[in-house]
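Please study the structure below together with its sequence.

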Amino acid sequence: MVLLQRPHILLLLIGTHQFLQCWIAFGSVNEEGQKQEEFSEELLLKPFPDHKLLAHFHFQSSATPSTSNGCHHHLFPKAISQLVQKFRVKEMELSFTQGRWNYESWGGFDPISSSNAKPPGVELWAVFDVPQHHIDASWKNLTHTLSGLFCASINFLESTATYSTPEWSFPPASGNVRYGTLPCEAVCTENLTPWLKLLPCRDKAGIALLLDRPSLYRGFYHSQRLHLTSTESSSEGIDSGIILEQTLTVVLQPNSERAIEVHASEKHIQPSWSLSSIFGKQVSGRCVLAKSSSVYLLLDRGLVAELKFPNKENGKSAANGLTSENFWSNPSFELSANPDRIFLEESSSHSKSLSILYMFQVEKYSESEPFDIGLMWKVPVAWLCQQTPLHASRFFMGNGNERGAIAISLKSTQFTEGFMSANSKDGSCELRVEVFQVVPWYVKVYFHSLRVFVDQQPRAVSDIIEKIHVSPSKDKMSPGVMEVVLKLPCRVNTAALTVEFDKGFLRIDEYPPDANQGFDIPSAIISFPNFHASMVFLEDDSLNKSPLLSKFQEKCPVMSYTEVLLVPLTTPDFSMPYNVITITCTVFALYFGSLLNVLQRRVAEEERFLKAKAAKKTGRLPLLLSKLSAKLRGRRREPLHSPPSSSSFINSKLVLKVILVAGLALGWQYVFS
Amino acid sequence: MEKVKKKIGSFSFWNWVIASIIFRLILIYFPKNLNLSSRPEVSTPLTSFRRLAEGYWLKQSSMSPYAGSMYHGSPLLLSLLGPLTINRIEGQPNHLLYSLVSVIADVVSAMLIRATGQNLRLAYLRSLESLHLVKQIEVSEFLFSGDIAALIYLCNPFTIVACVGLSTSPIENMAVILCLYGACSRLIPLAAFGWVIATHLSLYPAILIIPVIFLLGCGPDSPPRKLFLQRHQQKEVLNQSKLPPRFSWGPIIHFAFWAFLWSVYVLVLCGISLKQFGGLWEMFKSTYGFILTVEDLSPNIGVLWNFFLIVFHVNILFMILPLAIRLRHRPCYLAFVYVAICSMLKSYPSVGDSALYLGLLDMQFSLFLFCGYVGVSLLSPVMHNLWIWRGTGNANFYFATAMVYACLQIVLVVEGVSAMLNHDRKLRNLITGKPQDAKS
């Protein structure tokens with residue numbers, strides 16, 4: 001009996017063992033996954049010359065490739081990973097922006113501005129990893145999904161008339177890119193809340209705690225961005241899975257109560273600020289799920305040059321003196337907290353001075369001792385942010401609602417002068433500028449009217465334009481796309497591109513509800529492929545690099561967006577389509593009626609002739625009939641005379657007609673059912 | 001006596017022709033081209049010069065000229081006239097060559113109208129002769145009808161504006177007139193060529209095939225056979241030789257053969273010029289398709305832009321049959337009526353079209369119609385300005401003038417048709433000898 005039972009026990013034991021093994025294995029996988037899924041939160045603060053402050057929140061989460069981990073995630077938002085798997089998105093960027101980045105006073109030649117300054121409204125581009133003919137379907141589904149995820153009307157981008165296919169001018173240059181913008185989309189807290197839901201701690205802990213809605217939307221510019229990169233495990237040996245980068249860039253005006261108090265002579269002093277004064281909140285410790293959580297304060301190159309640190313003069317020794325206290329408590333400003341580390345930028349070719357980065361670790365702080373950083377200015381300072389090589393602006397020319405011209409003008413900035421003086425030794429110095437312009441179909445651009453002006457002198461198009469790609473707009477089908485590479489001499493002061501257009505007319509049901517407000521033309525993208533905005537900071541340990549700083553090190557070309565233009569289109573009279581229809585029909589009726597009348601009219605003599613002829617030819621029955629009808633007309637009180645044959649004849653004719661009409665009706669019904 | 005009269009007439013004719021050409025050249029030299037080329041009355045999406053230039057530019061940069069929805073004309077026109085949009089003589093306005101081409105086209109069409117008119121007059125006289133009615137109508141002023149028609153065509157402000165405004169309609173008009181001329185003078189290949197080219201350029205002249213068939217089948221102007229029969233009934237004289245020829249199928253088969261040949265030729269040429277850009281199907285889609293599905297809704301002087309319905313394209317076809325039955329013995333007049341109806345119900349009409357039928361018309365203008373045309377041509381720019389440029393008016397301002405224009409054309413067509421029918425009636429009455437009933 002025992003022997004008989006043994007195998008069962010054995011089996012049971014083996015089974016348990018295997019099950020335990022599986023359990024352990026699964027646990028290890030689980031731990032591994034946890035190790036690979038990372039989340040980090042960072043905040044960068046940067047004072048601007050025009051008394052404003054930039055707050056740049058950077059949240060980054062990464063997930064392992066889906067093949068090794070199934071579809072389960074610990075930190076990474078499931079919605080995003082499903083989206084990537086479903087539509088095979090290789091790279092995607094979605095941004096919601098309100099306000100316009102002021103390139104002149106906030107700069108345009110640093111990684112923050114060239115990758116975070118976005119056009120107003122919604123901008124979406126995506127690179128797909130699907131065959132060419134499936135891309136449009138994927139894009140359509142993606143826009144609908146994102147529209148649901150972010151409570152925005154991104155689904156308007158599904159129609160082919162709103163998105164375009166950049167050939168080469170757009171940074172992730174390949175044929176699989178789709179690019180679309182909604183310039184008039186209003187961005188508000190309803191878009192921010194779903195965006196925050198993607199964070200593991202939401203806005204309940206960590207740096208995201210600072211995102212106080214009233215203070216955010218009081219700002220001059222805010223842009224929330226979602227950047228997504230996924231690498232297929234099969235395509236490359238080293239895979240990083242999906243990297244989701246969420247940034248929120250806000251430009252705020254610090255409450256300068258102190259500035260008002262001080263008298264007029266100190267008007268130019270920069271306002272002092274602290275996190276609690278800007279956001280009305282403090283950071284009470286990090287988000288426990290975050291790998292790293294830090295706050296940075298960036299002092300611009302121009303500002304550093306202006307501040308004149310004591311160690312600045314003897315170049316190299318500045319790096320040695322970094323840790324010395326005089327860096328953060330110096331005659332011109334005072335920091336309210338001690339920075340944990342100070343980074344100095346690696347020397348670059350373009351500029352003389354180097355920017356400084358103060359780092360604060362949030363981990364050290366807690367609920368009882370919240371983190372707050374303040375900057376108190378002691379002396380007034382004025383400096384300039386580093387600007388793009390050429391400042392781009394765009395405007396309309398002409399008046400009236402029939403036609404006009406779009407002009408993109410490029411003006412040299414102080415940077416170009418410096419660049420020019422640096423490169424003046426070699427004679428042939430060229431400045432390449434890429435222009436990417438999408439126009440909706442109702443702005444019908446005449447590409448043959450493209451003119452180029454350099455220093456206000458008209459120049460031959462072939463001299464200046466190195467490369468051009470045009471895909472003309474199709475009515476209600478696709479927008480017009482113009483991609484141009486300009487090759488300008490370095491000493492250029494101004495350059496301008498003009499293109500003429502006709503304004504289209506929409507069908508009455510295609511106008512939006514507020515048709516008289518006008519239609520938006522999306523921003524043009526001006527990029528400078530020869531220039532790369534990157535900031536490399538000297539770091540001790542390259543292993544434990546912060547995602548924000550490694551982002552700064554990436555070489556991205558300098559890019560800037562032009563203004564959104566508002567084009568007024570002619571509107572029909574919305575109140576009276578009915579009147580138009582009736583009047584037109586009346587005119588047609590007049591035409592048909594009068595022409596038929598003329599064609600059919602017979603003069604009296606002809607009529608008599610025909611009657612006589614008819615009388616001769618026709619037999620007895622019709623004659624009788626006509627006589628009868630005359631009689632009937634003459635005396636109606638004698639219906640007894642009517643012969644049965646004639647009445648039956650009339651009836652048969654009537655019946656025939658009725659049958660004909662019924663047959664027609666039946667046929668109609670049959671055809672259309 | 002008559003010779004002297006003729007001489008004086010022809011002398012003044014040439015004077016007028018030269019004067020009108022000089023006037024055109026002066027207008028061409030005006031700076032900025034008087035902004036005529038962008039007037040909606042002159043250049044429609046189908047005939048605009050700027051669109052032609054855009055199409056040529058696209059073709060030059062190795063893209064299909066139909067890539068955008070800019071150009072909707074024929075590829076042949078593009079290869080013939082396209083280079084003229086770029087080439088320029090130093091110091092001259094850059095549209096000079098193109099304007100010269102349209103002036104030449106205008107003059108050629110005027111000459112063709114003159115020749116057609118003379119042909120018609122001869123045929124008319126012959127047919128009157130055959131009816132023994134010459135004496136009664138001898139004094140009428142049919143003598144210089146060709147000259148007068150040609151002069152009306154040349155000096156018509158609409159023609160001048162269409163010519164100076166750089167639209168392609170002078171060329172399209174020339175093709176139509178070429179077709180009619182060929183049919184009148186029984187040059188069958190020429191008629192077929194004109195018909196094929198006109199249809200290729202603007203589709204609507206396709207319906208001219210009916211008058212052309214009548215022209216070829218029965219001759220340019222023949223009184224109805226019934227009249228002869230009536231006359232012979234009356235006088236009891238039968239002269240078989242003087243009977244007008246019956247409808248003959250020979251020339252029509254000939255015409256069909258040539259039309260087929262020419263259309264194959266044109267299609268092959270188009271196919272060659274569009275070989276690398278999607279071929280013929282794209283051409284059909286963006287030329288004929290564009291005409292039939294009114295895609296461009298920019299206002300023009302037609303009535304349809306405000307009414308955007310496709311249903312009304314059938315309209316043109318509605319009246320063809322009744323008119324053909326009734327005016328079958330006067331094919332030229334039938335052609336005129338067709339052209340007028342087309343220009344009225346077209347989806348993208350322009351004054352160039354009305355210039356064509358006004359040229360074909362050799363009838364006295366009534367003062368009412370004249371005032372109407374003048375009023376429309378003055379009011380429509382004003383209304384357009386008010387609506388589009390100043391923004392003070394709305395679409396109905398401009399639509400009203402378009403409405404009036406359409407009404408005028410309707411009145412013109414109807415009056416014309418009834419005048420012709422009355423004329424026939426009078427002839428018949430003269431034959432049957434009942435002058436007292438002529439007016440009724």
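In this predicted model, eleven strands of chain A form an open sheet, in the order E5-E6-E4-E3-E7-E8-E2-E1-E10-E14-E13. The pairing within this sheet is mixed. Which strands stand at its edges? They are strand E5 (163–164) and strand E13 (341–344) of chain A. Each has a single partner strand, so one side of each is left without a neighbour in the sheet.

One pairing inside the sheet may be followed in detail. Strand E2 (residues 53–63) of chain A runs antiparallel to strand E8 (residues 242–252) of chain A, and eleven bridges join the two. As an example, A:Ser62 has A:Ile243 in E8(A) as its bridge partner. A helix also packs on this sheet: helix H7 (residues 189–197) of chain A touches strand E3 (89–98), strand E7 (221–230) and E8 of chain A. The direction of H7(A) makes about 35° with that of E7(A).

Elsewhere in chain A, strand E18 (residues 430–439) is mostly covered, since eight of its ten residues are buried. Strand E18(A) is joined by ten bridges to strand E22 (residues 480–489) of chain A, and these two run antiparallel. Within that pairing, A:Val438 has A:Val481 in E22(A) as its bridge partner. E18(A) also pairs with strand E25 (residues 525–533) of chain A, in the antiparallel sense, over three bridges. Here the bridge partner of A:Glu434 is A:Ser527 in E25(A).

Helix H4 (residues 96–130) of chain B packs against helix H7 (residues 157–164) of chain B at an angle of about 150°, with their axes 9 Å apart. Angles over 145 degrees count as roughly antiparallel, and H4(B) and H7(B) are therefore roughly antiparallel to each other. H4(B) contributes B:Ser99, B:Ser102, B:Val103 and B:Asp106 to the contact, while H7(B) contributes B:Thr159, B:Cys163 and B:Val164.

How does H4(B) pack with helix H8 (residues 169–184) of chain B, and at what angle? The angle is about 25°, and the axes are 9 Å apart. Angles under 35 degrees count as roughly parallel, and H4(B) and H8(B) are therefore roughly parallel to each other. H4(B) passes H8(B) in a left-handed crossing. Among the residues that make the contact are B:Ala105, B:Leu112 and B:Ile113 of H4(B), and B:Ile171, B:Met174 and B:Leu178 of H8(B). The residues of the contact of H4(B) with H8(B) comprise 14 nonpolar, five polar and one charged.

Conventions:
Residues numbered from 1 in each chain as written. Chains lettered and ligands numbered in written order. Predicted model: local features only at pLDDT ≥ 70, side-chain atom pairs only at ≥ 80, totals over all residues. Buried ≥ 20, exposed ≤ 12 C-beta atoms within 10 Å, placed from the backbone. Helix = DSSP H or I, 4+ residues; strand = E, 2+ residues; numbered from the N terminus. Pairing = 2+ DSSP bridges. Contact = placed C-beta atoms within 7 Å. Axes fitted to C-alpha atoms, helices over the stretch in contact; angles between N-to-C directions. Parallel < 35°, antiparallel > 145°, perpendicular 65-115°, else oblique. Left-handed = near helix turned anticlockwise from the far one by under 90°. Nonpolar A, V, L, I, M, F, W, Y, C, P; charged D, E, K, R; others polar.
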